[in-house]
Amino acid sequence: MKVIVVGAGVVGTMHAWHAVERGHEVVHIEREAEARGASLRNFGQIWVSGRAGGEELDTALRARELWEGIGARVPGLGFRAIGSLTPVRNELELAVAEAAVARPDAAARGYKLLTADEARAVNPALRGAFEAALWCERDAAVEPRLAQLALREALLATGRYTFLPNREVRDVVGENAVRDDRGEVHTGDAVVLCTGAWLSGLVREVAGEIPVRRVRLQMMQTAPLGEPLTTSVADADSFRYYPAYASPALDALNEGQAQDPTAAAHKMQLLMVQRLDGGLTIGDTHEYEHPFAFDTLEDPYEHLTRVVESLLGRPLPKIRRRWAGVYAQCVDTSRVVHRQRVRDGVWLVTGPGGRGMTCSPAIAEKTANELGW
Ligand SMILES: Cc1cc2nc3c(=O)[nH]c(=O)nc-3n(C[C@H](O)[C@H](O)[C@H](O)COP(=O)(O)OP(=O)(O)OC[C@H]3O[C@@H](n4cnc5c(N)ncnc54)[C@H](O)[C@@H]3O)c2cc1C
(Lines give C-alpha, C1' and ligand atoms only; values in the text may rest on other atoms or scores of the structure.)
Protein backbone atom coordinates (compact mmCIF):
# COMPACT_ATOMS: atom_id res chain seq x y z
CA MET A 1 0.00 0.00 0.00
CA LYS A 2 1.17 3.56 -0.75
CA VAL A 3 0.18 6.45 1.53
CA ILE A 4 0.48 10.11 0.53
CA VAL A 5 0.96 12.37 3.56
CA VAL A 6 0.72 16.15 3.09
CA GLY A 7 2.39 18.34 5.74
CA ALA A 8 5.63 17.55 7.54
CA GLY A 9 4.73 18.81 11.01
CA VAL A 10 4.50 16.33 13.84
CA VAL A 11 1.00 15.15 12.88
CA GLY A 12 2.05 14.34 9.30
CA THR A 13 5.34 12.84 10.41
CA MET A 14 3.62 10.55 12.89
CA HIS A 15 1.18 9.41 10.18
CA ALA A 16 4.18 8.63 7.98
CA TRP A 17 5.77 6.79 10.91
CA HIS A 18 2.79 4.50 11.52
CA ALA A 19 2.33 3.78 7.80
CA VAL A 20 5.99 2.84 7.37
CA GLU A 21 5.91 0.79 10.60
CA ARG A 22 3.08 -1.23 9.10
CA GLY A 23 5.13 -2.00 6.02
CA HIS A 24 3.66 0.57 3.66
CA GLU A 25 5.35 3.02 1.31
CA VAL A 26 4.99 6.74 2.10
CA VAL A 27 5.36 9.84 -0.06
CA HIS A 28 5.52 12.85 2.26
CA ILE A 29 4.91 16.28 0.70
CA GLU A 30 5.77 19.58 2.43
CA ARG A 31 5.32 23.12 1.16
CA GLU A 32 8.46 24.47 2.87
CA ALA A 33 12.03 23.18 2.70
CA GLU A 34 11.38 21.94 6.26
CA ALA A 35 8.29 22.20 8.41
CA ARG A 36 8.25 25.67 10.04
CA GLY A 37 4.87 25.61 11.80
CA ALA A 38 3.59 24.81 15.26
CA SER A 39 5.55 21.56 15.49
CA LEU A 40 8.86 23.41 15.69
CA ARG A 41 7.61 26.36 17.72
CA ASN A 42 6.19 24.48 20.68
CA PHE A 43 7.65 23.61 24.09
CA GLY A 44 8.11 19.96 23.25
CA GLN A 45 6.04 19.12 26.31
CA ILE A 46 4.55 15.66 26.29
CA TRP A 47 1.95 16.98 28.66
CA VAL A 48 -0.32 14.56 30.47
CA SER A 49 -0.98 16.52 33.63
CA GLY A 50 -3.80 18.87 32.68
CA ARG A 51 -5.69 16.63 30.25
CA ALA A 52 -9.43 16.13 30.61
CA GLY A 53 -10.30 12.70 32.00
CA GLY A 54 -11.57 10.19 29.43
CA GLU A 55 -10.63 10.20 25.73
CA GLU A 56 -8.22 13.13 26.01
CA LEU A 57 -6.26 11.60 28.89
CA ASP A 58 -6.33 8.14 27.29
CA THR A 59 -4.95 9.61 24.06
CA ALA A 60 -2.21 11.51 25.90
CA LEU A 61 -1.20 8.46 27.95
CA ARG A 62 -1.09 6.22 24.87
CA ALA A 63 0.90 8.91 23.04
CA ARG A 64 3.30 9.23 25.98
CA GLU A 65 3.92 5.47 25.75
CA LEU A 66 4.45 5.68 21.98
CA TRP A 67 6.82 8.68 22.33
CA GLU A 68 8.91 6.75 24.84
CA GLY A 69 9.17 3.75 22.51
CA ILE A 70 9.92 5.87 19.44
CA GLY A 71 12.37 7.97 21.49
CA ALA A 72 14.31 4.84 22.43
CA ARG A 73 14.69 3.99 18.75
CA VAL A 74 15.33 7.60 17.61
CA PRO A 75 17.47 9.17 20.36
CA GLY A 76 17.90 12.34 18.28
CA LEU A 77 14.39 13.50 19.13
CA GLY A 78 15.47 13.93 22.74
CA PHE A 79 12.74 12.13 24.69
CA ARG A 80 13.14 12.68 28.45
CA ALA A 81 10.77 11.34 31.12
CA ILE A 82 11.30 14.39 33.33
CA GLY A 83 7.86 14.90 34.91
CA SER A 84 6.58 18.31 35.89
CA LEU A 85 6.12 20.44 38.99
CA THR A 86 3.47 23.11 39.50
CA PRO A 87 4.42 25.11 42.62
CA VAL A 88 1.54 26.59 44.65
CA ARG A 89 1.84 29.62 46.90
CA ASN A 90 -1.25 29.88 49.07
CA GLU A 91 -4.27 27.99 50.39
CA LEU A 92 -6.45 28.68 47.34
CA GLU A 93 -3.85 27.28 44.92
CA LEU A 94 -3.05 24.39 47.22
CA ALA A 95 -6.72 23.40 47.32
CA VAL A 96 -6.74 23.06 43.50
CA ALA A 97 -3.67 20.81 43.65
CA GLU A 98 -5.34 18.74 46.40
CA ALA A 99 -8.47 18.37 44.27
CA ALA A 100 -6.30 17.20 41.37
CA VAL A 101 -4.60 14.57 43.54
CA ALA A 102 -8.04 13.36 44.66
CA ARG A 103 -9.18 12.68 41.07
CA PRO A 104 -9.96 9.03 40.32
CA ASP A 105 -7.42 9.12 37.45
CA ALA A 106 -4.67 10.80 39.54
CA ALA A 107 -2.58 7.61 39.73
CA ALA A 108 -2.64 7.18 35.93
CA ARG A 109 -1.17 10.67 35.63
CA GLY A 110 1.37 10.08 38.38
CA TYR A 111 0.04 13.02 40.42
CA LYS A 112 1.49 13.57 43.88
CA LEU A 113 1.42 16.54 46.20
CA LEU A 114 4.93 17.44 47.39
CA THR A 115 6.05 19.77 50.15
CA ALA A 116 8.33 22.60 49.05
CA ASP A 117 11.36 20.69 50.37
CA GLU A 118 10.33 17.52 48.55
CA ALA A 119 9.85 19.53 45.35
CA ARG A 120 13.33 21.06 45.73
CA ALA A 121 14.77 17.59 46.21
CA VAL A 122 13.29 16.68 42.81
CA ASN A 123 14.23 19.99 41.18
CA PRO A 124 16.93 21.87 43.14
CA ALA A 125 16.78 24.87 40.77
CA LEU A 126 13.44 25.90 42.36
CA ARG A 127 14.97 28.11 45.05
CA GLY A 128 12.14 30.68 45.12
CA ALA A 129 9.32 30.88 47.64
CA PHE A 130 6.36 28.48 47.41
CA GLU A 131 4.32 26.29 49.78
CA ALA A 132 3.99 22.98 47.97
CA ALA A 133 3.95 21.60 44.41
CA LEU A 134 1.85 19.30 42.27
CA TRP A 135 4.10 16.62 40.77
CA CYS A 136 3.05 14.86 37.57
CA GLU A 137 5.31 11.91 36.94
CA ARG A 138 3.92 11.11 33.45
CA ASP A 139 4.89 14.45 31.87
CA ALA A 140 7.84 14.28 29.52
CA ALA A 141 9.66 16.36 26.91
CA VAL A 142 11.16 16.11 23.45
CA GLU A 143 13.18 18.58 21.35
CA PRO A 144 10.71 20.21 18.96
CA ARG A 145 13.33 21.71 16.66
CA LEU A 146 14.99 18.32 16.21
CA ALA A 147 12.16 15.79 16.43
CA GLN A 148 10.85 15.98 12.85
CA LEU A 149 14.39 15.89 11.44
CA ALA A 150 15.37 12.89 13.55
CA LEU A 151 12.17 11.03 12.70
CA ARG A 152 12.67 11.73 9.01
CA GLU A 153 16.19 10.35 9.10
CA ALA A 154 14.87 7.14 10.66
CA LEU A 155 12.07 6.96 8.07
CA LEU A 156 14.50 7.48 5.18
CA ALA A 157 16.63 4.61 6.48
CA THR A 158 13.73 2.19 5.91
CA GLY A 159 13.84 2.73 2.13
CA ARG A 160 10.04 2.95 2.07
CA TYR A 161 9.82 6.70 2.61
CA THR A 162 10.21 9.60 0.17
CA PHE A 163 10.26 13.24 1.34
CA LEU A 164 9.24 15.87 -1.22
CA PRO A 165 9.90 19.36 0.22
CA ASN A 166 9.19 22.72 -1.45
CA ARG A 167 5.94 21.48 -2.97
CA GLU A 168 2.60 22.92 -2.04
CA VAL A 169 -0.34 20.63 -2.61
CA ARG A 170 -2.97 22.64 -4.49
CA ASP A 171 -5.62 20.12 -5.33
CA VAL A 172 -7.12 16.75 -4.58
CA VAL A 173 -7.52 14.87 -7.84
CA GLY A 174 -10.24 12.22 -8.05
CA GLU A 175 -9.70 9.53 -5.46
CA ASN A 176 -6.45 9.03 -3.57
CA ALA A 177 -4.36 11.58 -5.49
CA VAL A 178 -3.09 15.14 -5.04
CA ARG A 179 -1.58 17.66 -7.44
CA ASP A 180 1.31 19.86 -6.30
CA ASP A 181 2.26 23.35 -7.47
CA ARG A 182 4.65 21.92 -10.06
CA GLY A 183 1.70 20.19 -11.67
CA GLU A 184 2.81 16.72 -10.59
CA VAL A 185 0.14 14.27 -9.47
CA HIS A 186 0.91 11.89 -6.60
CA THR A 187 -1.35 8.86 -6.42
CA GLY A 188 -1.59 6.46 -3.51
CA ASP A 189 -4.03 4.10 -1.84
CA ALA A 190 -4.78 6.73 0.79
CA VAL A 191 -4.10 10.45 1.22
CA VAL A 192 -3.85 12.14 4.62
CA LEU A 193 -3.82 15.94 4.73
CA CYS A 194 -1.96 17.07 7.89
CA THR A 195 -1.75 20.72 6.98
CA GLY A 196 -1.86 22.20 10.48
CA ALA A 197 -3.29 25.69 10.93
CA TRP A 198 -3.57 26.50 7.20
CA LEU A 199 -7.35 26.32 7.03
CA SER A 200 -7.83 28.36 3.84
CA GLY A 201 -6.74 27.42 0.30
CA LEU A 202 -6.60 23.65 -0.16
CA VAL A 203 -8.45 22.82 3.06
CA ARG A 204 -11.31 25.22 2.41
CA GLU A 205 -11.63 23.91 -1.14
CA VAL A 206 -11.81 20.26 -0.15
CA ALA A 207 -13.51 20.49 3.26
CA GLY A 208 -15.27 23.88 3.35
CA GLU A 209 -15.45 25.66 6.70
CA ILE A 210 -14.45 23.20 9.41
CA PRO A 211 -15.09 23.56 13.17
CA VAL A 212 -11.47 24.42 13.86
CA ARG A 213 -10.02 27.78 14.94
CA ARG A 214 -6.54 29.24 15.04
CA VAL A 215 -4.77 30.27 18.25
CA ARG A 216 -1.56 32.34 18.43
CA LEU A 217 1.01 32.04 21.25
CA GLN A 218 4.15 33.99 22.22
CA MET A 219 7.25 32.15 23.40
CA MET A 220 10.86 32.80 24.34
CA GLN A 221 14.10 30.92 24.93
CA THR A 222 17.01 31.87 27.15
CA ALA A 223 20.74 31.30 27.11
CA PRO A 224 21.84 28.20 29.10
CA LEU A 225 20.71 28.34 32.74
CA GLY A 226 24.06 27.04 33.96
CA GLU A 227 22.41 24.33 36.03
CA PRO A 228 19.87 21.59 35.36
CA LEU A 229 16.16 22.26 35.54
CA THR A 230 15.34 18.63 36.15
CA THR A 231 11.56 18.86 35.56
CA SER A 232 9.20 20.92 33.49
CA VAL A 233 7.64 23.70 35.55
CA ALA A 234 4.19 25.32 35.38
CA ASP A 235 2.66 28.02 37.53
CA ALA A 236 -0.74 27.96 39.22
CA ASP A 237 -2.21 30.03 36.37
CA SER A 238 -2.05 26.78 34.38
CA PHE A 239 -4.81 25.48 36.68
CA ARG A 240 -7.11 28.04 35.06
CA TYR A 241 -6.62 26.62 31.56
CA TYR A 242 -6.36 22.86 31.74
CA PRO A 243 -9.60 20.88 32.08
CA ALA A 244 -8.20 18.38 34.62
CA TYR A 245 -8.21 21.10 37.28
CA ALA A 246 -11.91 22.02 36.99
CA SER A 247 -13.25 21.70 40.54
CA PRO A 248 -14.99 23.74 43.25
CA ALA A 249 -11.48 24.56 44.45
CA LEU A 250 -10.69 26.10 41.05
CA ASP A 251 -13.93 28.11 41.18
CA ALA A 252 -12.81 29.40 44.58
CA LEU A 253 -9.38 30.31 43.15
CA ASN A 254 -10.95 32.14 40.20
CA GLU A 255 -13.27 34.04 42.53
CA GLY A 256 -10.86 34.66 45.38
CA GLN A 257 -7.60 35.46 43.61
CA ALA A 258 -7.49 37.80 40.64
CA GLN A 259 -5.00 36.80 37.99
CA ASP A 260 -2.17 39.27 37.37
CA PRO A 261 -3.63 41.85 34.91
CA THR A 262 -1.02 41.15 32.21
CA ALA A 263 -1.55 37.40 32.56
CA ALA A 264 -5.33 37.87 32.39
CA ALA A 265 -5.14 40.23 29.39
CA HIS A 266 -3.02 37.78 27.38
CA LYS A 267 -4.61 34.58 28.76
CA MET A 268 -1.27 33.48 30.13
CA GLN A 269 0.17 30.67 32.15
CA LEU A 270 3.78 29.81 32.80
CA LEU A 271 5.15 26.66 31.20
CA MET A 272 8.90 26.13 31.19
CA VAL A 273 11.18 23.34 30.04
CA GLN A 274 14.92 23.09 29.68
CA ARG A 275 16.36 22.41 26.23
CA LEU A 276 19.25 20.01 25.74
CA ASP A 277 21.64 23.00 25.40
CA GLY A 278 20.63 24.19 28.88
CA GLY A 279 18.44 27.11 27.71
CA LEU A 280 14.87 27.45 28.94
CA THR A 281 11.85 27.52 26.65
CA ILE A 282 9.29 29.71 28.38
CA GLY A 283 5.71 30.69 27.51
CA ASP A 284 2.90 31.36 26.87
CA THR A 285 0.07 33.66 25.80
CA HIS A 286 -3.16 32.83 23.94
CA GLU A 287 -4.63 35.06 21.24
CA TYR A 288 -7.95 34.07 19.65
CA GLU A 289 -9.15 37.24 17.92
CA HIS A 290 -8.29 37.88 14.28
CA PRO A 291 -6.39 39.54 12.76
CA PHE A 292 -3.49 38.26 14.87
CA ALA A 293 -0.73 40.65 15.88
CA PHE A 294 2.20 40.42 13.47
CA ASP A 295 4.66 41.52 16.13
CA THR A 296 5.49 40.18 19.59
CA LEU A 297 4.50 42.20 22.66
CA GLU A 298 6.88 42.88 25.52
CA ASP A 299 4.47 42.97 28.49
CA PRO A 300 3.83 39.22 28.49
CA TYR A 301 7.58 38.54 28.36
CA GLU A 302 8.15 40.83 31.33
CA HIS A 303 5.41 39.04 33.27
CA LEU A 304 6.88 35.61 32.48
CA THR A 305 10.35 36.79 33.50
CA ARG A 306 9.00 37.97 36.87
CA VAL A 307 7.22 34.66 37.50
CA VAL A 308 10.21 32.53 36.51
CA GLU A 309 12.64 34.61 38.58
CA SER A 310 10.36 34.30 41.61
CA LEU A 311 10.25 30.50 41.25
CA LEU A 312 13.96 30.08 40.55
CA GLY A 313 14.99 32.70 43.11
CA ARG A 314 17.55 34.08 40.66
CA PRO A 315 17.75 36.28 37.56
CA LEU A 316 16.82 34.72 34.26
CA PRO A 317 19.68 34.28 31.78
CA LYS A 318 19.63 36.53 28.73
CA ILE A 319 16.72 35.93 26.39
CA ARG A 320 18.12 34.64 23.12
CA ARG A 321 14.99 34.09 21.04
CA ARG A 322 11.40 35.29 20.94
CA TRP A 323 8.80 33.97 18.56
CA ALA A 324 5.12 33.37 18.02
CA GLY A 325 3.36 30.28 16.76
CA VAL A 326 -0.14 29.38 15.65
CA TYR A 327 -1.92 26.12 16.21
CA ALA A 328 -5.26 24.80 14.99
CA GLN A 329 -7.75 23.80 17.68
CA CYS A 330 -11.17 22.16 17.48
CA VAL A 331 -13.77 24.78 18.43
CA ASP A 332 -15.27 22.11 20.69
CA THR A 333 -12.12 21.81 22.79
CA SER A 334 -13.24 18.49 24.24
CA ARG A 335 -12.56 16.93 20.80
CA VAL A 336 -9.02 15.57 20.59
CA VAL A 337 -8.70 16.20 16.85
CA HIS A 338 -10.71 16.94 13.70
CA ARG A 339 -10.45 13.81 11.53
CA GLN A 340 -12.63 14.01 8.43
CA ARG A 341 -12.94 11.98 5.25
CA VAL A 342 -13.08 14.76 2.66
CA ARG A 343 -13.20 12.53 -0.44
CA ASP A 344 -13.03 8.79 -1.00
CA GLY A 345 -9.58 7.80 0.18
CA VAL A 346 -8.68 11.35 1.34
CA TRP A 347 -8.57 12.30 5.03
CA LEU A 348 -7.97 15.60 6.76
CA VAL A 349 -6.42 15.45 10.25
CA THR A 350 -6.02 18.80 12.01
CA GLY A 351 -7.05 20.74 15.11
CA PRO A 352 -5.25 18.94 17.96
CA GLY A 353 -4.76 22.35 19.60
CA GLY A 354 -2.20 22.87 22.33
CA ARG A 355 -1.79 19.13 22.76
CA GLY A 356 -0.76 18.19 19.22
CA MET A 357 2.88 17.55 20.07
CA THR A 358 1.79 15.33 22.94
CA CYS A 359 -0.98 13.40 21.22
CA SER A 360 0.23 13.09 17.61
CA PRO A 361 1.60 9.51 17.85
CA ALA A 362 -1.73 8.26 19.22
CA ILE A 363 -3.79 10.41 16.82
CA ALA A 364 -1.86 8.93 13.88
CA GLU A 365 -2.16 5.42 15.29
CA LYS A 366 -5.93 5.85 15.43
CA THR A 367 -6.03 7.05 11.81
CA ALA A 368 -3.94 4.04 10.79
CA ASN A 369 -6.29 1.68 12.63
CA GLU A 370 -9.45 3.31 11.26
CA LEU A 371 -8.13 3.22 7.70
CA GLY A 372 -7.06 -0.40 8.11
CA TRP A 373 -3.39 0.23 7.30
C1 LIG B 1 3.86 28.12 20.68
C2 LIG B 1 3.24 26.75 20.73
C3 LIG B 1 3.51 25.92 21.82
C4 LIG B 1 2.94 24.64 21.88
N5 LIG B 1 3.32 23.78 22.86
C6 LIG B 1 2.92 22.49 22.83
C7 LIG B 1 3.45 21.55 23.73
O8 LIG B 1 4.37 21.83 24.49
N9 LIG B 1 2.92 20.29 23.74
C10 LIG B 1 1.94 19.93 22.86
O11 LIG B 1 1.47 18.81 22.94
N12 LIG B 1 1.53 20.77 21.89
C13 LIG B 1 1.98 22.04 21.85
N14 LIG B 1 1.56 22.90 20.89
C15 LIG B 1 0.65 22.42 19.86
C16 LIG B 1 1.40 21.63 18.77
O17 LIG B 1 2.60 22.28 18.45
C18 LIG B 1 0.51 21.50 17.52
O19 LIG B 1 -0.76 20.97 17.87
C20 LIG B 1 1.15 20.57 16.51
O21 LIG B 1 2.49 20.93 16.28
C22 LIG B 1 0.37 20.58 15.21
O23 LIG B 1 1.09 19.81 14.29
P24 LIG B 1 0.67 19.78 12.77
O25 LIG B 1 1.58 18.81 12.10
O26 LIG B 1 -0.81 19.58 12.65
O27 LIG B 1 0.89 21.27 12.24
P28 LIG B 1 2.22 22.02 11.72
O29 LIG B 1 3.37 21.75 12.57
O30 LIG B 1 1.84 23.44 11.52
O31 LIG B 1 2.52 21.34 10.33
C32 LIG B 1 1.69 21.50 9.19
C33 LIG B 1 2.61 21.46 7.97
O34 LIG B 1 1.81 21.37 6.79
C35 LIG B 1 2.44 22.13 5.77
N36 LIG B 1 1.41 22.47 4.78
C37 LIG B 1 0.29 23.20 4.97
N38 LIG B 1 -0.42 23.27 3.83
C39 LIG B 1 0.27 22.56 2.90
C40 LIG B 1 0.04 22.26 1.51
N41 LIG B 1 -1.06 22.68 0.88
N42 LIG B 1 0.95 21.51 0.87
C43 LIG B 1 2.07 21.06 1.51
N44 LIG B 1 2.34 21.31 2.81
C45 LIG B 1 1.44 22.05 3.48
C46 LIG B 1 2.98 23.35 6.50
O47 LIG B 1 4.02 23.98 5.79
C48 LIG B 1 3.45 22.73 7.81
O49 LIG B 1 4.82 22.36 7.78
C50 LIG B 1 2.08 24.21 20.83
C51 LIG B 1 1.83 25.05 19.74
C52 LIG B 1 2.39 26.29 19.69
C53 LIG B 1 2.11 27.18 18.49
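Q: How many residues surround the ligand, and which are the closest?
A: A residue is near a molecule if one of its heavy atoms lies within 4 Å of it. Here 38 residues surround the ligand, and the closest are Glu30, Ser39, Gln45, Gly353 and Thr358. This is a predicted model, in which local features need pLDDT of at least 70 and side-chain atom pairs count only at pLDDT 80 or more, while totals for chains, interfaces and linings use all residues. Residues are numbered from 1 along each chain as its sequence is written, and side-chain values use heavy atoms, with hydrogens and water left out.

Q: What classes of residue does the shell around the ligand have?
A: Ala, Val, Leu, Ile, Met, Phe, Trp, Tyr, Cys and Pro count as nonpolar, Asp, Glu, Lys and Arg as charged, and the others, Gly among them, as polar. On that basis, the shell has 17 nonpolar, 14 polar and 7 charged residues.

Q: Which domains supply at least three residues each to the shell around the ligand?
A: Domain bounds come from an automatic or database domain assignment. Domain 1 (1-45 + 143-211 + 334-373) and domain 2 (84-137 + 212-330) each supply at least three residues of the shell.

Q: What is the strand order in the open sheet of 6 strands?
A: Strands of a sheet pair through backbone hydrogen bonds, either parallel or antiparallel. Strands are DSSP runs (E, at least two residues), numbered from the N terminus, and two of them pair if DSSP finds at least two bridges between them. In this sheet the order is β8-β2-β1-β12-β19-β18, with mixed pairing. The edge strands, each pairing on one side only, are β8 (161-164) and β18 (338-343). Strand β18 runs antiparallel to β19 (residues 346-350), to which 5 bridges join it, and Gln340 has Leu348 in β19 as its bridge partner.

Q: What is the strand order in the open sheet of 8 strands?
A: The order is β5-β6-β4-β14-β15-β16-β13-β17, again with mixed pairing. Strands β4 (residues 84-88) and β14 (residues 232-234) run parallel and are joined by 2 bridges, with Val233 in β14 as the bridge partner of Leu85.

Technical notes: Helix = DSSP H or I, 4+ residues; strand = E, 2+ residues; numbered from the N terminus.
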